[in-house]
Amino acid sequence: MLLENKVAIVTGGTRGIGYAIVREYLKQGATVVLCGSRQETADKAVAQLKAENAAWPVEGISPDLTNYNSVKEAFDKVAEKYGKIDILANNAGVSASEPLTSYTPEMFEKTMDVNVNAVFNCTRAVVDYMKAQNSGCIINTSSMVSLYGQPSGVAYPTSKFALNGMTLSLARELGPSGIRVNAVAPGITNTDMVKALPEKVIAPLIAQIPLRRVGEPEDIANAFVFLASDMASYISGIVLSVDGLARS
């Protein structure tokens, strides 16, 4: 197993890509603490995973990721319980598609708060533990729109551009401490949001993808497994596109 004896924290781990990351990490031998926006949803995700395999070492927490003190308190408890934190998957995020004229400053700030500030908070909360053990892996969920933008919903690509910059910069800063920092940029993925799209909307999108299909959450999760494993021990500071070559 690629992640045996590793301790991982996965934010946004209750559904979609995050849930798939948690599940694949567990299958690869990791102990996983998943973060949900509410304890109720975190507990539900844990129950679903335990129903699949009662032996999987997984638990759920629900700190406010936009509040550093809340994150620090929760992650300190994880480190105290398990003795270390090896992997942080910063997957929690929000998106929006409103045109600029419909955007409010509050909407913009919320997207940046969840997609950028929360990643900083979580990373800052684990980095001292990773430095102390001279090893660690941080993986951020970016997006294909971080590479070329999108027609509307400006806050989302802006936040992901910022996330890429954070990833590359921290890879340089934390590398001497044995900490690798990477990002995964998913393309169109078969999450609840995509499933809700009508066929007339999704069909043209698929036609632009050479592989002629949207990605599955497991496709993205597999990239997170690889980057967290020793197979990627000499990979840091990359934004890995997992999009079926769905580029503009």
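Student: Let us begin with the second largest pocket. What volume does the second largest pocket have?

Tutor: On a 1 Å grid over the protein atoms alone, a pocket is an open set of points with protein on both sides within 12 Å along at least five of seven lines, whereas a cavity is a set of points where a 1.4 Å probe fits but cannot get out. Grid points are joined across faces, edges and corners, and a volume is the space filled by probe spheres set on the points. Here the second largest pocket has a volume of about 200 Å³. This is a predicted model, in which local features need pLDDT of at least 70 and side-chain atom pairs count only at pLDDT 80 or more, while totals for chains, interfaces and linings use all residues. Residues are numbered from 1 along each chain as its sequence is written, and side-chain values use heavy atoms, with hydrogens and water left out.

Student: How many helices and strands does the chain have?

Tutor: Helices (H or I, at least four residues) and strands (E, at least two) are DSSP runs, numbered from the N terminus. The chain has nine helices and seven strands. Its radius of gyration is 17 Å, close to the 18 Å that the globule rule gives for 248 residues, so the chain is as compact as a globular protein of that length. That radius is taken over C-alpha atoms, and the rule is 2.2 Å times the number of residues to the power 0.38. Along the principal axes, the C-alpha atoms fill a box of roughly 50 × 40 × 35 Å.

Student: Is serine 159 buried or exposed, and which residues does serine 159 touch?

Tutor: Buried means under 20% relative accessible area, exposed over 50%, and partly exposed in between (1.4 Å probe, protein chains only). Serine 159, in helix H6 (residues 155-174), counts as buried because its relative accessibility is 0%. Contact means heavy atoms within 4.5 Å. Leaving out residues up to four places away in sequence, serine 159 touches Thr111, Met112, Asn115 and Val116.

Student: What does the side chain of serine 159 reach?

Tutor: A polar contact is a pair of N or O atoms within 3.5 Å; within protein, one must be able to donate a hydrogen and the other to accept it, and residues adjacent in sequence count only if both atoms are side-chain atoms. The side chain of serine 159 reaches the backbone oxygen of tyrosine 156 at 2.7 Å. Likewise, the side chain of aspartate 243 reaches the backbone nitrogen of leucine 245 at 2.8 Å. Aspartate 243 lies in the segment after S7 and is buried, with a relative accessible area of 8%.

Student: Where are asparagine 5 and arginine 212 found, and what are their phi values?

Tutor: Asparagine 5 is in the segment before strand S1 (7-11), and its phi is near 70°, a positive value in a residue other than glycine. Arginine 212 is in the loop between helix H8 (199-207) and helix H9 (217-228), with a positive phi of about 60° although it is not a glycine. Asparagine 5 counts as exposed at 61% relative accessibility, and arginine 212 is exposed at 51%.

How values were computed
1 Å grid on protein atoms, 1.4 Å probe; cavity = no way out; pocket = protein on both sides within 12 Å on 5 of 7 lines; lining within 4 Å.
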